[in-house]
Amino acid sequence: MTITAVETTAGGRPLLLLRPDVSHPARCGIDLVAAATHARETGGTICLLLHGEPMPVSVDGVPVITPHGMQRIWLSAVWRTASAARDVRAWWRHVEASVAHEWRRELRRHIGDERLPFELRQRLRRMAEARTRRVQTETNAFPRRMLRASSAVSLLPDFVEEARRQLTALGITDGRPLVTFESRTRPDIAAAVMKFLVSEGYAVARIGDPADGVRSCDGVVDLTTCRPRPLSLEMFLVSASAFIMCESNDLQQLAYLTNTPSLMINARDPFVAYPVRANGLFALSAAIDLESAQPITIGAMLTQPYFRDLHKQQVRGRRRGSHGYRDNTVEELTHAINEIRAGIAEGWTSESESQSTFRQRVLEAGAALAPISAHVAEWGPDDGFIGDGRLVRFQADRVS
Amino acid sequence: MSRILFLMLHPGFIRYYEGAIHMLAASGHEVNLAFEVSRDKLGEDVTAQRLATSSPNIRCEPAPDRTESVRDFLVRSDRDAMRAGEERRARPDQDAWESLATTVRLIEDYLRFFEPEFRDASTLRTRVEKRLPRVYPQLLGAAARPAVARRIIRAALRGVEAIIPTVDGIDDFLRERNPDVLLVTPLIELGSQQVDYIKSARKLGIRSALCVASWDNLTSKGLIRVLPDHVIVWNEAQAQEATALHGVPPDRITVTGSQTFDRWFAMRPSRSREDFCRTVGLDPSRPYLLYTGSSVFIAPDEVPFTERWLTALRYSGIPRVTELGALIRPHPANSRQWYAFDSAAFPNAAIWPPVGTDPNSPGFKEDFFDSVYHSAGVVGINTSAQIEASILGRPIFTVRSPEFAHGQEGTLHFQYLVGDGGVVRVATSLAEHVEQLDSGLEGDAGRDERNRGFVRRFVRPHGIDEPATPIFAEAVEAIRQLGPTAPRPDSWWVRAARRIPGRSLAGAALALAEGRPGWVYLVRQPMSLAIQTAALGYRLSDEWQEHGRPAIKRMRRVAWRSWYESSRWLGHRWHRSKKKLLRVSRDARVTARRLVRLR
């Protein structure tokens, strides 16, 4: 999840070549925001190398250009070469890490052989450890710091008009403040939450899986079947929302592009879910230890055994983990919605002590786990920064 | 009295044959049950103990130990494992042969899932792929796509299987037990080592039979790699599977029906509906649906679907469906996930039996029967409980859902439930499912006839009133009466091939079972040599420190002492000689002086 931009110069000025993946709004958003931050720091220009679909955005304070003709061919070639070199470097690092891993395994075969002299085994052990230390797999760390400052990325006027027209056709009008709601949660809870939002005067745009079994009510516009949605529509929907409620990272990350307040619900991983911006909140699922049938504490969700289990499920495709999850209840989500509304109204100034304590705990856990967990190294603190967002207050109070 | 040796993978298979074993024992046969692995996950070992004490003619014992079990094989090929001291144990030939056998059998199982009938079964293929050391899927992934290539590879594998020797321990075990018939189940586990029992039985002239335990055995697992003399199946559908998918000649197949379900025809509810509902926590005044959980392969994460299902019922807007109670019965081997289910969130819904209930506990089977018997209908993803529900004539439903596609369309046995002549009504969405429930819970003569037809065809092919257990026992008796087969010792070419190429293959299979990259095998020997050389250096150094240096030190001390002693002695001697000389010279001087004076 790093920026895929390539740095070059044109006429002595830094030029950031960027080929955003328009088919993946979240990744595209992260790339754009990170590139904008970088371009602002270096005083450079962003050069968009687009494939087909135009990029409907402008970034305040950073010139964005789209090359044509020979210029485009040349810059595309530069981008391809640099990308290929980056891929080769990444491949080489992978090979190096793999060789180190296998080398270490081979050495371990002998380290345990008690027939060998003790000193030799000690020496082999030191060699194995040194080899592992030397080759640290470079992870594509999530660039939290680069996403920290809100870049004023806005849709181009033509696209705004087009997106507004499309949304109006789908039933979303300007009358009431909008909440984009991505439901993967239990259908009864999702229905109750949407009802609550409507009763509070919001219009709700529901996106996500059409087969999630959620029944819409008045005031809810179902966009689940309107897929695939063009990037401009997705961006406009998020930017036009007072806030978004989501379960997926993708939507949370898209909100960084439009600087929309976000509430992530049913999060299972405190590092992945931790919002970068101050206008982000998240609520953790209730994790149940399936061995003992007991709920585990939020503190335990910051430990190595928890992440090892999560990793086994997600990366190694183990069909069952040691943890089950219960979705946030309607009451919890109502609290969270009230908190995000208060945050929007007050300008995100009222962080409780328990929330800042929890952030500190996440930072400490991240620092401790990053060397031993690639997952935490990727999603954890970025140079001591985890995010300005916060855990919802009722959960943070429970932790402390 | 005849001897029947029944080899099972683990005691969990007893439940498929318990009635038949009792019947065989009661008719005077000595039934010896041997288990390859013990298992107490669901209290299976307790079942074995209980069975052994139920009749003097029944004996339970472990099968001979394997030096390299499939489990060991899989543990060794774990790519992330870091084990110390692998060099320490010298691996005998037997390990290598067993590694080769497991590899060959896993590859055969892997290849079968490239056949056209398994085109939707990518998860089944992945399941085998995960067990194979990584070098084989890399090689075979593309090579095995053309049917001709698969045939060639399979022929080569059969050749390799033929040269794998029988296991001495198993030969001895069979000789000692000397059974009239060897029954084996399930035999078709991925990479199964039970094949070795069939091979040993062929070699020793013991008649063997495969007992197909369950309805999915011939389609969702491995192949019958070495044909036993007989195959006992439930129904004609399985007979066709055995012929078409496993190459079993039809004359070796016996159809007996499913003895597992016999008790479902005989059982009666243990309590009234009201009592049952009160016990499980449902409203007795309302009908309820039974949701039957599926196995971990079919539905690893079933809770979110069930929550959606319950919400769809509750918010259906159809009073008859909305008011239905819901009883959830977790699959006994996949029940832990239900700890995360919050039944309090859904009124008139309950989990029964409670998660973690011992399946061997008294009343467990009766509870299951009562759950189905008193229900208005049964819902499930893909589970044998749907067959049980068909026996009791309940309407049965399922919903196609993308997360379970691998366990529904991705398996062949699902078609028996939903295809032509199937008993399960399929919906493609929860909305359609709700409509089906609305229309399908009423009594329906067509449905009853369909259920009966399915049961007659699938469960009791000899007649719906003909229990399968006696037919199974008669089939075993008939096989026994055929007498022993002619011993089939290995031919000369098999023995010749076993010597050099066979051993090399076995050694390679043992090494490759670790699933390491090729270069590791290249550097392994030089690396071992370098380490042994270094070890020699260390040993020499140790020897030097321990013996050489002290010896030199001693020698130096001796030399010094000798020099010291000798120099002292010399000095002493010199001193004494000097004194003597002085005395002599003094005496000489005195004598000289005297002589001078005398002159």
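Student: Let's start with Lys199(B): buried or exposed?

Tutor: Lys199(B) is buried, because its relative accessible area is 12% and the cut-off for buried is under 20%. Keep in mind that this is a predicted model.

Student: Where does Lys199(B) lie?

Tutor: Lys199(B) belongs to helix α9 of chain B, which covers residues 195-204.

Student: And what does Lys199(B) touch?

Tutor: Leaving aside residues up to four places away in sequence, Lys199(B) touches Arg105(B), Glu161(B), Ile164(B), Thr166(B) and Val226(B).

Student: Ok, another helix. Which residues of α5 in chain B are buried?

Tutor: Helix α5 of chain B runs over residues 122-131, and Thr123(B), Leu124(B), Arg125(B) and Val128(B) are buried there.

Student: What covers the buried residues of α5(B)?

Tutor: The cover includes α4 (93-112) and α10 (217-220) of chain B.

Student: Switching to backbone. Which residues does a cis peptide bond join, and what is omega?

Tutor: One cis bond joins Thr185(B) and Pro186(B), with omega about 5°. Pro186(B) sits in the loop between β4 (181-185) and α9 of chain B. Another cis peptide bond goes from Trp352(B) to Pro353(B), where omega is near 0°. As for Pro353(B), its loop runs between β10 (349-351) and α16 (364-373) of chain B.

Student: Why flag those at all?

Tutor: Most peptide bonds are trans, and most residues other than glycine have a negative phi.

Student: Speaking of phi, what about Trp348(A)?

Tutor: Trp348(A) has a positive phi, near 55°, and is a residue other than glycine. The loop between α11 (330-346) and α12 (353-369) of chain A holds Trp348(A). Trp348(A) counts as buried because its relative accessibility is 17%.

Student: And Asn348(B), what's its phi?

Tutor: Asn348(B) has a positive phi of about 55°, and it is not a glycine. You'll find Asn348(B) in the loop between β9 (325-329) and β10 of chain B. Asn348(B) is buried too, with a relative accessible area of 16%.

Student: Over to chain A then. In what order do the 3 strands of the open sheet come?

Tutor: The order is β14-β13-β15 in chain A, with antiparallel pairing. The edge strands, each pairing on one side only, are β14 (294-295) and β15 (323-326).

Student: Over how many bridges do β13 and β15(A) pair?

Tutor: Strand β13 of chain A, residues 286-289, pairs with β15(A) over 4 bridges. Ala287(A) stands opposite Tyr325(A), which is in β15(A).

Student: Zooming out: how many helices and strands in chain B?

Tutor: Chain B has 23 helices and 13 strands. Its C-alpha trace spans about 170 × 65 × 55 Å along the principal axes.

Student: What radius of gyration does chain B have?

Tutor: It's 38 Å for chain B, whereas a compact globule of 599 residues would have one near 25 Å. Buried residues still make up 52% of the 599 in chain B.

Student: Last one, charges and surface?

Tutor: Chain B carries 85 positive and 71 negative side chains, and the centres of the two sets lie 20 Å apart.

Notes
Residues are numbered from 1 along each chain as its sequence is written. Chains are lettered from A and ligands numbered from 1 in the order in which they are written. This is a predicted model: local features need pLDDT of at least 70, side-chain atom pairs count only at pLDDT 80 or more; totals for chains, interfaces and linings use all residues. Side-chain values use heavy atoms; hydrogens and water are left out. Helices (H or I, at least four residues) and strands (E, at least two) are DSSP runs, numbered from the N terminus. The radius of gyration is taken over C-alpha atoms; the globule rule is 2.2 Å times the number of residues to the power 0.38. Buried means under 20% relative accessible area, exposed over 50%, partly exposed in between (1.4 Å probe, protein chains only). Lys and Arg count as positive and Asp and Glu as negative; His and the chain ends are not counted. The place of a charge is taken as NZ of Lys, CZ of Arg, CG of Asp or CD of Glu. Two strands pair if DSSP finds at least two bridges between them. Contact means heavy atoms within 4.5 Å.
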